[in-house]
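Here are my notes on the model you sent over.

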Amino acid sequence: MNSPDRSNSAAPMIQLADVTLNLRSAAGEVNVLRGIDLSVAAGEAVGLVGPSGAGKSTLMMIAAGLETPTTGRVRVAGCDLVGLSEDALARFRRDHVGIVFQAFRLVPTMTALENVAIPLELAGRNDAFEAAEAALAAVGLDARTGHYPDQLSGGEQQRVAIARAFVSAPRLLLADEPTGNLDGKTGDAIIELLFGLARDHCTTLLLITHDPVLAGRCDRVLHIADGRIVEQDARQAAE
Amino acid sequence: MVLPRSITLPLRFARRELRTGIKGFRIFLACLALGVAAIAAVGSVSSAMMAGLEGDARRLLGGDVDLRLVHRAADDAQRDFLAQSGQLSEIVSMRAMARRSDGEARSLIELKAVDNTYPLIGSIELAPAIELDAALAERDGVFGAVVEESLATRLDLEVGDHLKVGDATLELRAILMREPDRIVNFASFGPRLMLSEAALPATGLVQVGSLIRYHYRVVLHPGTNREAWLQELDTRFPDAGWRTRSLENAAPGFDTFVDRTTLFLSLVGLTALLVGGVGVAMAVKTYLDGKTETIATLKCLGAPSALVFRVYLLVVLILAGAGTMAGLIVGATAPLAASALAGSMLPFQLPVRIYPAPLLVAALYGLLTALAFSLWPLGRAGQVKAAALFRAVVAPLAGRPRAAFMLATAAAVALLAALAIATTPDRVFAAWFIAGSIGAFGLFLGAASLVMAAARRAGRPRDPELRIALANLHRPGAPTPGVVLALGLGLTVLIAVALIQANLVRQVTERIPDQAPAFFFIDIQPDQVDRFNEIVRAIPGVSEVRTTPMVRGRIAEVNGVDAEALTVDPDSAWALRGDRGLTYSATPPDGSEVVAGEWWAPDYAGPPLISFDARIAGDLGVGIGDTVTLNVLGRPITATIANLRRIDWSSMSMNFIFVFAPGTLEAAPHSVIATVRVDDPGTETTVQRRVTDALPNVTAIRVKDAIEAADRILRAVSTAVRATAAVTLLAGTLVLAGAIAAGHAGRVRDAVILKVLGATRVRILKAYALEYGILGLVTAAIAAVVGSVAAFVVVTRVMRADFVLAPEVVAIVAAIATAITLVFGFAGTWQALGQKPAPLLRNE
């Protein structure tokens, strides 16, 4: 895997300014986000915690260009996301963002190797499969490249998902409860892997978790409730 | 060849998608394969028929050219010219009676007198294998004859026995196994008897006005330009009045038959494909519903919408290609099957080979249908939001795709319509068919929406089962549109076919026996009429005898315009094609009604007036006061139309397109035809025997035999129609099964949850019975109306017959269809009812 040195970048990786998101539903308008201001430095690891429905996932989707805010500015990896077309946002994700989900989200009809190669194939890289093999080796799955998702354990599937998220050396990695579907021991191993890779690649990490241990590994923890950041806890950064 | 990445990448992803095999695509494949197979089979068999006909045209025609005169032979100048042009063969054909020499058995026959050059092309096959000349030659003062086996059986004759035709006694010398120029003829009234031209005078059948056909076949000298020769023939003998046939129209009746049959069968095949298209759309939607998570994942990883669309378009196209290919293989082998099943009934060898043109057309139909029905769901697939992955349940596809995909769908439908119109000989009919299909689709989709809206607005009935049934009808992802479309279209075709058939059967079996006479007697000489009346009226049980003079003539000009230059509605073209029977009468004939103009005075004596068939007059665009010139035995007679009659052809009375006023035709050589009605069918044999014994030149045609011949045609036609309707119904059933299977997983889950909440199996079953009962009934009701309208149009406009709605037929078909829906619904639910809740809840 590539590990470019990007730690010295001065500009923040994520900049959200007064971001709101209102959704209309049959029951009336719902204010999902109510004026979020956030700046995440390059290479920083930020944890998002809070009750269900607080707006954590929505905040993450906005950072990934998967959701368009009702108002406010969103700048990620130097790109202004507001106003970009669906396809431009897809290219932005392909080039800059890796995502790890709680439910792994591997394509069931593709092998581990093919799943990992997808972002590189989409980018038109000729060495997609070599790079994917290296990424799988980095997560300890070099012996499982030809297996389909349903032939892998939950922990193995999540490792494939992590390899896929890191394979294109993204500047930002988003993780939505990456250990939520795993037992404690496997979850710990995944946390080690995730943080290790993020450190090696100087990747900015934004992760949602209910797990205090995982949150404790982050540089900064944001508490979100009712669509607002109610508390910032920068214990790790202060150390 | 290096393909661009915009193709290789989607191709690579599509290939990975197809690793799971055809699961979920079985109905898709079956629907496409079935429709394509039907169209390819019809096209291939039709091409094979035409190729066979073309290959054997000379043999079937009996030469390069066949000229036919009715009533009279060619004159010496004409005969000389024909003989100088090449090899000439003269044939005389007519209907006559053959009797066993002891008079114990008799039969109507198709008599053919041949000269010693016959057959010019091909060979005749006799059993025992003797030469035709020897078989027909005069031996010890008796001429020989050969007959078809059926006649030998009917008259209980063996080779060497004697039989009588007219006044002549003939010796049966051989059985006719194969006649090279005999074209298949369902409607032939009697078996063939062949004798020599030299034997004909002795029969006494050649009399003035008898319905005799003289055929002159010519094999032209090598190098003769046929077109130029035909032109010269026309210039030399402009008034000859013969009907000319050459290789291009060796069997006009037969190729029209093949054309019409092909038209109907290909449209029924297309209906099957369109019904199957509903299955295609549902299969693609269900498949893509299951792929929303994968699509969202790909988009999360940076795949643009266009790539997603291309990947799944390729998946659909590859599968459509496979389904189409399977259909083509079946269709391509159809000529082989047709040759094995019906080869012996055809007058020519069916060339068994691959016919690329109809296969190409069928393949285009298959691929365009797949596109027309899958672009809509494919377009929606590109719109799956990647953000969906952050939510617990990925919602199925819904709503409309982008405008570009709706336009592409419309373009595919337009191409499909254009293909149907371009490849169908009768374009107007094809256009109506397309419009009707689109209308039916719209109607059933609208009906489905109405059912869903009504179920939504029905409020909350107190009965919980009814409440569940109504909710199931309109909930998101309900199978209502699919079931209504599939069942509705299939049922419409079925009801239309059943009603058309019921009407045809009624025409033949219900109406005719009451009104029809028992016999037609033809070729009675004017001086035999009194004797004929005397004989027949003396037989107890005979209730009515009618005689009418008959002359043959053909339309030469209409208002001074040559008949060949007229463009006529194809339905009435037959009236212009050859000789028609003409009569004269002082009073209006029975079975017809004057609808315009006035009937002439009984003692009319003035310039020629005629009464004309109203429908044909309408198609020719003529009316009262216009003139028609008829060629009667070579002499042109111009008459003014005095009135128009509406003729009930099904009455089986003596009906004539043209009836002359007294004073014109009496002098022309003519014969008399008669109808005889009997009260007691037991006297029929006596009537036939007494007349033909006393007047051997008179031919008796039993109406029952004619009805049987018509019945044979009907049966053959309805078998073909039923077979193709079955294909449509099969497609509908497949789609219905698919619609119900698509919701099966949801059904099982619902049933389990209902059981967990305390519902008994009977109550769940009742809820489903109500749901499918409502669907089946509503669909059957609409299909009954649409199918009846379709049948009405076909019966009244295409077949020009009276339409009678047979409510019992509609009711039976509708009831069966509702039952089928219930059975399918239950089949899908049965498993659900048997499920133990625990395993399913654990997996949830």
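Predicted model: local features only at pLDDT ≥ 70, side-chain atom pairs only at ≥ 80, totals over all residues.

1. Which hand does the crossing of α2(B) and α11(B) have? It is right-handed. The two helices, α2 (residues 26-55) and α11 (residues 305-332) of chain B, pack at an angle of about 35 degrees, and their axes are 7 Å apart.

2. If you want to look at that packing, the α2(B) side includes B:F28, B:L29, B:L32, B:G35 and B:S44. On the α11(B) side you'll find, among others, B:L319, B:G323, B:T324, B:G327 and B:G331. Sorted by class, the residues of this contact come out as 16 nonpolar and 6 polar, with no charged ones.

3. Now chain B as a whole. Its 844 residues include 43% that are buried, and the chain has 26 helices and 22 strands. The C-alpha trace spans about 105 × 65 × 55 Å along its principal axes. Counting contacts in chain B with a separation of 6 or more, 86% are between residues 24 or more positions apart.

4. As a reminder, strands of a sheet pair through backbone hydrogen bonds, in either a parallel or an antiparallel way.

5. Over in chain A, 6 strands form an open sheet with mixed pairing, in the order β6-β7-β8-β3-β9-β10. Which strands sit at the edges? They are β6 (97-100) and β10 (228-233) of chain A, each of which pairs on one side only. On average, neighbouring strands of this sheet are turned by 20 degrees against each other, ignoring direction.

6. Within that sheet, look at β7 (residues 172-176) and β8 (residues 204-208) of chain A: they run parallel and are joined by 5 bridges. A:D176 stands opposite A:I208 of β8(A). Helix α1 (residues 56-63) of chain A lies across β3 (45-49), β7, β8 and β9 (220-225) of chain A, and runs at about 150 degrees to β8(A).

7. How do the two chains meet? Contacts link 21 residues of chain B with 23 residues of chain A. On the chain B side, the elements giving two or more residues are α1 (5-17) and α10 (292-300) of chain B, and α10(B) provides the largest share, 6 residues. By class, this side of chain B has 10 nonpolar, 5 polar and 6 charged residues.

8. Last, a word on confidence in chain A. The average pLDDT of chain A is 86, and 92% of the residues score at least 70. The stretch to flag is residues 1-8 of chain A, where pLDDT stays under 50. For those residues the model has 17 contacts beyond four places in sequence.

Methods: Residues numbered from 1 in each chain as written. Chains lettered and ligands numbered in written order. Contact = placed C-beta atoms within 7 Å. Helix = DSSP H or I, 4+ residues; strand = E, 2+ residues; numbered from the N terminus. Nonpolar A, V, L, I, M, F, W, Y, C, P; charged D, E, K, R; others polar. Axes fitted to C-alpha atoms, helices over the stretch in contact; angles between N-to-C directions. Left-handed = near helix turned anticlockwise from the far one by under 90°. Buried ≥ 20, exposed ≤ 12 C-beta atoms within 10 Å, placed from the backbone. Pairing = 2+ DSSP bridges. pLDDT = per-residue confidence, 0-100.
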